[in-house]
Amino acid sequence: MRFNETGALGAARGSTEDDGQDLPEDVQSDVDRVADVVAAGFRGPAWQQMAEELYAYAFGRMCAVMRRTDKLMRLTAKSKTPLAMTDEDRAALYRGAPDREHLAILSLSVAMETFPRLLKMGGYDPAHNRGKDGRASRLTSYFYGRCGLVFPRVFYVWRAERTDRFLLHAVQMGGGILAHALGQTGPEPVPEDVGDLCDNLTAMINRLKPRDRAVWNLTVDGLSQGEIAAMLGIKVGDVENARYRLRSQVRTRRRSGELYVPPGVEAEWARTRAQAKARKTAV
């Protein structure tokens, strides 16, 4: 993944003096260090140490801010690419530490691609570009802000790749496949009421969101929750939730009379539940 631009460049300035006002010692130290690494052409141990400090500072903060939509929106507010997230996106970032860490690493890497050029052009100018509170910002804060500017585009690429992974497994299911999974296929034709049930359940599955549909297709294929989670790159809890949502819909429709379950299928479901209970007891 590579981006050519990460946002509007800061205006280049010829001086970091604050019109007679001294910068705080730690900020002045950052200004001096930037001048040194620019002079060295961003080579050598000074630049390596600076880059490591920037990564260490921004990584933890990026991971933390993704759990708070309000803070994430403030961080990305000045990005040229507006950030729009669905409830599913927010839930995925809130629950998924691996996803947050992956997005943080991508954002840091993309922000760092143009960071040397920004510094060379005088983009870090705490004497003239102060925060809302009028305080001069540290270099680490400046880099963290750059990560916020690139985050929306990194996020959209990540989300598209993630959705593609779900779509790969979210194929349209046929009623015959479900009938076989329910143990209702054999030498005799599938009874009409069983066929109707399979068609109704298949239609319900095919109307699910790509991730939930992928979970159920893999479930019908006989994969365990752990295997499904590994294949889709999600947590086992997400697999459980996807299964629960469809089962809740089925229960609601059965109680209302919208969904008829033939006795033969009821018996198969009872047998499956008994087997699952026996396995848990044995463990």
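Let's start with tyrosine 142, which sits in helix H6 (helices are DSSP runs of H or I, at least four residues, numbered from the N terminus). This is a predicted model, where local features need pLDDT of at least 70, side-chain atom pairs count only at pLDDT 80 or more, and totals for chains, interfaces and linings use all residues. Residues are numbered from 1 along each chain as its sequence is written, and side-chain values use heavy atoms, leaving out hydrogens and water.

Why does tyrosine 142 count as buried? Because its relative accessibility is 16%, and buried means under 20% relative accessible area with a 1.4 Å probe, protein chains only. Proline 126 is 16 residues away from tyrosine 142 in sequence, and their C-alphas are 9.1 Å apart.

Here are two residues with their contacts (heavy atoms within 4.5 Å), leaving out neighbours up to four places away in sequence.

| Residue | Contacts |
|---|---|
| Tyrosine 142 | Phe115, Leu118, Leu119, Gly123, Tyr124 |
| Phenylalanine 115 | Leu54, Leu139, Tyr142, Phe143, Arg146 |

Now for the cores: a nonpolar core is a set of buried Ala, Val, Leu, Ile, Met, Phe, Trp, Tyr and Cys residues joined through side-chain atoms within 4.5 Å. The largest one has 43 residues, and Met62, Phe115, Leu119, Leu139 and Phe143 touch the most other members. Elements giving it two or more residues include helix H5 (97-120) and helix H6 (139-169). A second, separate core has 17 residues, among them Val194 and Met204.

Val194 and Met204 are also among the buried residues of H8. Helix H11 (236-256) and helix H12 (263-282) are part of what covers the buried residues there.

Note on methods
Buried means under 20% relative accessible area, exposed over 50%, partly exposed in between (1.4 Å probe, protein chains only).
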